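Here is my note on the chain you sent. Please read it with the structure open.

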Amino acid sequence: MSEKTPRPPRRKRYSGKNPQRFEDKYKEHNADRYGETVAKVIASGKTPAGTHLPIMVAECLDALHLSPGMIGVDTTLGYGGHALRILEKIAPVGKLIGLDVDPLELPKAEARIRAAGYGEDRFEAVKSNYAGITKVLTSRGIPEVDFIFADLGCSSMQLDDPSRGFSFKTTGPLDMRMNPARGLSAADWLEKISAEKLEVALHVNADEPRAESIAKALAGRSFGNTGAFAKAIRESVRINDQGEMDLTVRRVFQAVRIAVNEEFVALDTFLRALPNCLKSGGRAVILTFHSGEDRRVKHAMRDGVRTGVYSEMCDGIIVATPEEHRGNPRSSSAKLRWVMKA
Ligand SMILES: C[S@@+](CC[C@H](N)C(=O)[O-])C[C@H]1O[C@@H](n2cnc3c(N)ncnc32)[C@H](O)[C@@H]1O
């Protein structure tokens, strides 16, 4: 009996202009081969699937005051967009250490940076929380660096991939962990949380005005996926305005994500460690995306200037240009602050 070789499954055709599912956008996932498609997606004000458009690059580079030969840390490597631009500025002899907690995206960013021609002597990728920056540096025998950069929050790769469970716009497992190997998924966290603790998380992490009623409706419940969770949030409030309803769902997702990843605990630890990791005259530049993050950064920087740890800080916040807002809506909530070590 002759055995037929099974046919490989046919790849789904790229469905015209707008494939809906993240996995079907294979042209966008393959920027090297389909540069034109990717350029069109960017021109339409969207982020191509599986990528991240770096935010306020010119402003960040300007605030970092980079020069050839400097050594520094990008504490939130993400797609590596900022890192590549930083590497250009510190070349040919500088060194960048790139940290990220995400074990799925970190190797891809490292491969991208290697492909751009930066070897081990110029760039090192380290899977670490930025809360552990002191340990990362001391274990490499470089306790103080010239600059430290942080672009807080999640990357577009994390937010847009339904299988990571961050987005209320697509249905996927309710996970939300930047490092899926650590801690509780959002679903497990919600199942264990009391209404009192959830209310505090909604207040503190997202300034949610309806925290009490939403917490009472959601705490301790089991949600099968992001869609079911989003539906339960909508059912827990009485809001007629669709825009306000979407904002509420967005805020609740944000609050749960911050809690699951212990983002404020990590940020507070990082801000305390920061001055000791910088050389005198060294600069820290931080991009934040919501008030909870910005408040912490502003206070840490102001306190540092008041106590003489820092000699100078930015005069107010720096924001993206209206052109950047149009080209990349994710830039509209970005606030940049910088500080210089005394
Ligand atoms: C906004 S993205 C950075 C994008 C990057 N600047 C770029 O140009 O591609 C934030 C990244 O920081 C990572 N991240 C978030 N919290 C972190 C933490 N506490 N320690 C290290 N990395 C973290 C996320 O996994 C994500 O990849």
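This is a predicted model: local features need pLDDT of at least 70, side-chain atom pairs count only at pLDDT 80 or more; totals for chains, interfaces and linings use all residues.

The points below go from the overall picture to single residues.

1. The chain holds 15 helices and seven strands. Of its 342 residues, 41% are buried. Among contacts with a separation of 6 or more, 68% are between residues 24 or more positions apart.

2. Next, the ligand. The shell around the ligand has 23 residues, and the nearest are Pro 54, Thr 76, Gly 78, Tyr 79 and Gly 81. Two elements give two or more residues to this shell: helix 4 (81-90) and strand 2 (95-100). By type, the shell has nine nonpolar, ten polar and four charged residues.

3. Stay with helix 4 and strand 2 for a moment. The loop between helix 4 and strand 2 contains Pro 92. The peptide bond that joins Ala 91 to Pro 92 is cis, with omega about 5°.

4. Strand 7 deserves a look. Strand 7 covers residues 335-341, and seven of the seven are buried, so the rest of the structure largely encloses this strand.

5. Strand 7 has partners. Strand 5 (residues 278-288) runs antiparallel to strand 7, and six bridges join the two. In this pairing, Arg 283 stands opposite Met 340. Strand 6 (residues 310-313) also pairs with strand 7 in the antiparallel sense, over three bridges. Here Tyr 310 is opposite Lys 341.

6. Now the nonpolar cores. The largest one has 54 residues. Cys 60, Ile 148, Phe 149, Ala 284, Val 285, Leu 287 and Leu 336 have the most contacts inside this core. What does Cys 60 touch, leaving aside neighbours within four places in sequence? Cys 60 is in contact with His 82, Phe 149, Val 285, Leu 287 and Leu 336. A second core is separate and has 28 residues, including Met 178, Leu 202, Leu 218 and Val 256.

7. Helix 12 comes next. Helix 12 spans residues 242-260, 19 residues in total. From first C-alpha to last, helix 12 reaches 27 Å, close to the 27 Å expected at 1.5 Å a residue. Its buried residues include Thr 248 and Arg 251, and also Val 252, Phe 253, Gln 254, Ala 255 and Val 256. Arg 257, Ile 258, Ala 259 and Val 260 are buried as well. Against which helices do the buried residues of helix 12 pack? They pack against helix 8 (186-192), helix 9 (195-206), helix 10 (211-218), helix 11 (226-236) and helix 13 (263-277).

8. Finally, check two backbone angles. Glu 262 lies in the loop between helix 12 and helix 13. Its phi is near 45°, a positive value in a residue other than glycine. Glu 262 counts as partly exposed because it has 15 C-beta neighbours inside 10 Å. Asp 207 sits in the loop between helix 9 and helix 10. Phi of Asp 207 is positive too, near 50°. With 14 C-beta neighbours inside 10 Å, Asp 207 is likewise partly exposed.

Methods
Residues are numbered from 1 along each chain as its sequence is written. Helices (H or I, at least four residues) and strands (E, at least two) are DSSP runs, numbered from the N terminus. A residue is buried if 20 or more other C-beta atoms lie within 10 Å of its own, exposed if 12 or fewer, and partly exposed in between; C-beta atoms are placed from the backbone. Two residues are in contact if their C-beta atoms, placed from the backbone, lie within 7 Å. A residue is near a molecule or strand if its C-beta atom, placed from the backbone, lies within 6 Å of it. Ala, Val, Leu, Ile, Met, Phe, Trp, Tyr, Cys and Pro count as nonpolar, Asp, Glu, Lys and Arg as charged, and the others, Gly among them, as polar. The expected span of a helix is 1.5 Å times one less than its number of residues. Two strands pair if DSSP finds at least two bridges between them. A nonpolar core is a set of buried Ala, Val, Leu, Ile, Met, Phe, Trp, Tyr and Cys residues joined through C-beta atoms within 7 Å.
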